[in-house]
Amino acid sequence: MQTPESDKTVAGDDRQLPEHPKSPDDQHPPLSISPDSTSSSSTREVEQLPTTLPISHSQGAPIPTFSSSQDDSLPIAHIPKKVPKWWQYRQMMREYIAEFAGVMILIIFGDGVVCQRVLSLDSRISSFPYGEYLSNSFGWASGVAVGVWISTGISGGHINPAVTIAMATFRGFPWKKVPGYICAQMLGGMVGAGIVYANYIHAIDIVEGGRHVRTLKTAGLFSTYALDYMTNVSCFFIELTASAILIIGVLTVTDRGNAGPSKSQLPIALWILLVGIGASLGMETGYAINPARDLGPRLLTSMVGYGSQVYTFRNHYWLWCAVLGPIIGCLVGAFLYDFLLYDGPGGRFRPKIEPGVLKSSQLG
């Protein structure tokens, strides 16, 4: 139903009537508007428009709905309600919550399998052991896979401060998000460890000899503590090596120019990667390879009765081996992958090639 240009303004009102494509079903008469709005004698009343205007469905366009106001006969479109404040805050925090949830699941699976396997070795707790060392590898790998499944479509699925720092350095991840990601990951590690501790607290009491006795004997259920014969240099070297392998694997399976899987299959590839690292490099230091996996639970244990001994072990082993080792290892691994293998967009070492013909002299 077309409205003439002179009829688009009603009685001095600036609002424009919406134009609609002509429909065979449109039987409504056109608006009757006075040509001279100043003349009271010739003023005609505007006919009431229907609540819903007909519109052609041939183009698949959405159908606007109109309603009549009480003080005006012209149709007014329904305007969406204002987005609630809580929803805006939810959207702002969504990435960080995903990282928190991913690390929490990682710790529940990882620390949970360690507690189950180690505590069940005590005959006072279980008549037979639940699991072997390979169970640790499966549990931690499953925690990584499920954590990445939860978070990868929202935050990228880092669930590791060392990976976040490497991605910011070599893949253009915004540095302004790094502090928030790391805080969320650490909190996820603390909460996950708290859930596992609450689940196994009675078994821990039996092993330790009471509720108020807490030693490093059970602190190792939650964080990493190297074997006694290991030197400090060897511990750092193992964590650096394992973390470099981790980030090389992560960059490989997310490289579209390589044989990377689809996003839905990415956690399966990471599961295989973590099983391999745990089964081959996990015995001597416990393969932290993730500062949130070690420091988050370590903070929790210091709060529930283990005290400062979890920090003073081996001259602050937690800092230089379980935190700095993975961070430096991931940076080294990402550097090697980008420098030697990566040809994708945004590569730090990829030369800028201008469009045109490549001359043979440029190859030498």
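## Model and confidence

This is a predicted model, in which local features need pLDDT of at least 70 and side-chain atom pairs count only at pLDDT 80 or more, while totals for chains, interfaces and linings use all residues. Residues are numbered from 1 along each chain as its sequence is written, and side-chain values use heavy atoms, with hydrogens and water left out.

The mean pLDDT (the predictor's confidence in each residue, from 0 to 100) is 83 for the protein, and 75% of its residues reach 70 or more. Residues 1–15 have a pLDDT below 50, and this stretch makes 25 contacts beyond near neighbours in sequence; a contact means heavy atoms within 4.5 Å. The pLDDT is also below 50 over residues 28–69, a stretch with 59 such contacts in the model. Where pLDDT is low, the predicted coordinates should not be read in detail.

## Overall architecture

The protein holds eleven helices and two strands. Helices (H or I, at least four residues) and strands (E, at least two) are DSSP runs, numbered from the N terminus. In order from the N terminus, the elements run β-β-α-α-α-α-α-α-α-α-α-α-α.

Of the 364 residues, 43% count as buried; buried means under 20% relative accessible area, exposed over 50%, and partly exposed in between, with a 1.4 Å probe and protein chains only. Among contacts with a separation of 6 or more, 69% join residues 24 or more positions apart.

Leaving aside residues up to four places away in sequence, F222 touches D111, C115, A193, V196, Y197, I204, R293, P297, T301 and Y306. T301 is found in helix α8 (residues 291–303) and counts as buried because its relative accessibility is 1%. With the same exclusion, T301 touches F222, Y306, G307 and V310.

## Pockets

Pockets are found on a 1 Å grid over the protein atoms alone: a cavity is a set of points where a 1.4 Å probe fits but cannot get out, whereas a pocket is an open set with protein on both sides within 12 Å along at least five of seven lines, and lining residues have an atom within 4 Å of a point. The largest pocket has a volume of about 1,000 Å³. Its lining comprises 43 residues, and G156, M167, V250, T254 and L266 lie nearest its centre. Helix α6 gives the most to this lining, with four residues. By class, the lining of the largest pocket divides into 22 nonpolar, 14 polar and seven charged residues.

The second largest pocket contains about 600 Å³ of space. Of its 27 lining residues, V114, R117, G220, S223 and Y225 are the closest to its centre. Helix α1 contributes the largest share of this lining, four residues. The lining of the second largest pocket consists of 14 nonpolar, eight polar and five charged residues.

## Residue L331

L331 lies in helix α11 (residues 324–340) and is partly exposed, with a relative accessible area of 28%. Beyond residues up to four places away in sequence, L331 touches I165, A166, T169 and F170. The C-alpha atoms of L331 and S243 are separated by 8.9 Å, although these residues are 88 residues apart along the chain.

Conventions
Points joined across faces, edges and corners; volume = space filled by probe spheres on them. Nonpolar A, V, L, I, M, F, W, Y, C, P; charged D, E, K, R; others polar.
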